[in-house]
Amino acid sequence: MRDRATLDRDCLAQLYAELGQQGAEGVVCRALEELAARVARAHQHMLDGEHAALMKTAKSNVSIAEQIGLLELSTACLAVVDAAGGGDGVAIVATVTRMQRVAEASLSAVWEMQDVSF
C-alpha cells in the first residue's frame, strides 16, 4: 500500500519568504528530523500499549507537519490521536502504520523539492 504526500507549496513559499533560503532550509531540516524521530517514538508507544503517550506524540507531530506544509501527514497524525483516544487496538495499528507510510512519502517529497526555488 502506498500513500501520497500532500505538500502545501504556499506554506513552504511563505516560510522561505519570511526566513530566507538558509533560515527556511534550517527550519525544514530540523522539522523533518524531529518528525522522523517522533514517528518512530509513536510506533514504539503503540507497541508498548502506551496510548496516552502515543496520543501526545502524534498530536505534537501535527503542528510540526503543518509548519512545513505536510498536510497529509498532519491528517494522518490526527487519525492516530483519535484512534488512541478510542483505545481500539486495530484502529491504532492501522492509523500508526498509515502515519508511518505518509511520513516516509512526505519526507521524500520534501527532499525532492529542495531543488525548487521559492
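Predicted model: local features only at pLDDT ≥ 70, side-chain atom pairs only at ≥ 80, totals over all residues.
The structure contains two salt bridges. One of them joins E34 to R38, with 2.5 Å between the closest N and O atoms. Both residues belong to helix α1, which covers residues 9-48, and they are separated by four residues, about one turn of the helix. The two partners fall on either side of the 20% cut-off for burial. E34 has a relative accessible area of 29% and is therefore partly exposed, whereas R38, at 19% relative accessibility, counts as buried.

The other salt bridge pairs R98 with E72, and here the closest N and O atoms are 2.2 Å apart. R98 is located in helix α4 (residues 89-112) and E72 in helix α3 (residues 71-86), so this pair ties together parts that lie 26 residues apart in sequence. R98 is partly exposed, because its relative accessibility is 23%.

Attention now turns to the nonpolar interior. In soluble globular proteins, nonpolar side chains tend to be buried together. The largest nonpolar core of this model comprises 35 residues, of which L54, I68, L70, L73 and M99 touch the most other members. Helices α1, α2 (51-67), α3 and α4 are the elements that each contribute two or more residues to this core. Its largest share, twelve residues, is supplied by α1.

When its neighbours within four places in sequence are set aside, L73 is in contact with L35, A65, M99, V102, A103 and S106. One of these contacts, M99, is also listed with L73 among the core residues that touch the most other members.

Key. Residues numbered from 1 in each chain as written. Heavy atoms only, no water. Salt bridge = Lys/Arg side-chain N within 4 Å of Asp/Glu carboxyl O. Buried < 20%, exposed > 50% of the residue type's maximum accessible area, 1.4 Å probe, protein only. Core = buried A, V, L, I, M, F, W, Y, C linked by side-chain atoms within 4.5 Å. Contact = heavy atoms within 4.5 Å.
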